[in-house]
Amino acid sequence: MHIVETLSGIYVLDIFGEMRIATRPKVPVPVYGERVVEGLRIWDPHRSKLAALLVKSRLAGGFGDLVNELNLQPDAKVLYLGAATGTTVSHVSDLVPGGLVYAVEFSPRSMRDLLSLCQARDNIVPLLEDASRPEKYASFLEPVDLVYQDVAQRNQAEIASRNAARYLKPGGSLVLMIKARSVDVTADPKEVCRAEIERLEGFDLLSVSNLRPYHQDHWAVVARKRAKAP
Ligand SMILES: C[S@@+](CC[C@H](N)C(=O)[O-])C[C@H]1O[C@@H](n2cnc3c(N)ncnc32)[C@H](O)[C@@H]1O
């Protein structure tokens, strides 16, 4: 294995001729059964939509721009909506060792696994809450640099807009994973995605990427929150 490139804590590796990405945890132990090689946790694009977005951007030549747009400085604050058991949260936590990840998840079962991850790390704040009611976690949050959302709900854009309006700093980034089938199983997935993007309020759109072949009918939308008009 050799390291080809490192950007903002994201390692691009060549492992026997195959490109992989990875993050460096403080303690090099696997979280969800992933490989750990020379202290780096391999980040599987089939398991994580954020990894899929990064791998696709590396293959397409837009990796540097995307990494900049993510706003993931080591001390960044992230609001993560739809944390599940913490697969992607764990890598985001590696990327912001001096920052914080506010991890919102409404399933008590997933939260149980997420809590064990939080016990092993000091930069994840677990919130057993409904992301469609952002006012409910106001007392735990501070303004964040990135809102990352992967909730597979019908009103994905609305949930993202409401959380970003409340918690994202002006100029901060939004990464919205759109699962077309959660919005409408019968409609053309591309059309569903386009309509959801139009519902986003207060953003400049930076990129829209289809996550095939890693995730079917999923798109990753990256946008920047506009500063308020003077
Ligand atoms: C596709 S999974 C997320 C996977 C995770 N982002 C990852 O990459 O490891 C979607 C998660 O969002 C959660 N979810 C869906 N709607 C939610 C809501 N309104 N508030 C909080 N969590 C929600 C689900 O319980 C599920 O765990």
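Ala84 is partly exposed, with 34% relative accessible area; on this scale, buried means under 20%, exposed over 50% and partly exposed in between, using a 1.4 Å probe and protein chains only. Ala84 sits in the loop that links strand 6 (77-81) to helix 3 (87-95), and its phi is positive, at about 50 degrees, although it is not a glycine. Helices (H or I, at least four residues) and strands (E, at least two) are DSSP runs numbered from the N terminus. The model is predicted, so local features need pLDDT of at least 70 and side-chain atom pairs count only at pLDDT 80 or more, while totals for chains, interfaces and linings use all residues. Residues are numbered from 1 along each chain as its sequence is written, and side-chain values use heavy atoms, with hydrogens and water left out.

Two further backbone features belong to one loop. Asp217, in the loop between strand 11 and strand 12, also has a positive phi, near 55 degrees, in a residue other than glycine. Pro213 lies in the loop between strand 11 (203-210) and strand 12 (218-225), and a cis peptide bond, with omega about 5 degrees, joins Pro213 to Arg212.

Five strands form it in the order 1-2-3-5-4, with antiparallel pairing; two strands pair if DSSP finds at least two bridges between them. Strand 1 (2-7) and strand 4 (36-37) are the edges, each pairing on one side only. Further in, strand 3 (residues 18-23) and strand 5 (residues 40-43) are antiparallel and share three bridges, and Thr23 stands opposite Arg41 in strand 5. Helix 1 (residues 49-60) packs on this sheet and touches strand 1, strand 2 (10-15), strand 3 and strand 5, where contact means heavy atoms within 4.5 Å. The direction of helix 1 makes about 135 degrees with that of strand 3; axes are lines fitted to C-alpha atoms, for helices over the stretch in contact, and angles run from 0 to 180 degrees between N-to-C directions. Helix 3 lies across strand 2, strand 3 and strand 5, and runs at about 135 degrees to strand 5.

Helix 3 also carries His91, a buried residue with a relative accessible area of 0%. Leaving aside neighbours within four places in sequence, His91 is in contact with Thr23, Tyr32, Arg41, Ile42 and Trp43. Tyr32 comes from the loop between strand 3 and strand 4 and counts as buried at 15% relative accessibility. With neighbours within four places in sequence again set aside, the contacts of Tyr32 include Asp44, Arg47, Thr87, Ser90 and His91. Tyr32 and Thr87 are 55 residues apart along the chain, and their C-alpha atoms are separated by 6.5 Å.

The chain passes from strand 6 through helix 3 to strand 7 in a right-handed β-α-β crossover; right-handed here says that, with the strands pointing away from the viewer, the path from the first strand over the helix to the second runs clockwise. Strand 7 and strand 8 (residues 124-128) also run parallel and are joined by five bridges, with Val101 opposite Ile124 in strand 8. Strand 7, helix 4 (residues 108-120) and strand 8 make another β-α-β unit, which is right-handed.

In soluble globular proteins, nonpolar side chains tend to be buried together. The largest nonpolar core here has 39 residues, and Leu53 and Leu54 have the most contacts inside it; such a core is a set of buried Ala, Val, Leu, Ile, Met, Phe, Trp, Tyr and Cys residues joined through side-chain atoms within 4.5 Å. Helix 1 supplies the largest share of this core, six residues. Beyond its neighbours within four places in sequence, Leu53 is in contact with residues including Leu66, Val175, Met177 and Val222. A second, separate core of 30 residues includes Leu81, Ala131, Ile159 and Val221.

Finally, the cysteines. Cys118 is buried at 12% relative accessible area, and Cys193 is buried at 4%. The structure holds zero disulfides, a disulfide being a pair of cysteine sulfur atoms within 2.5 Å.
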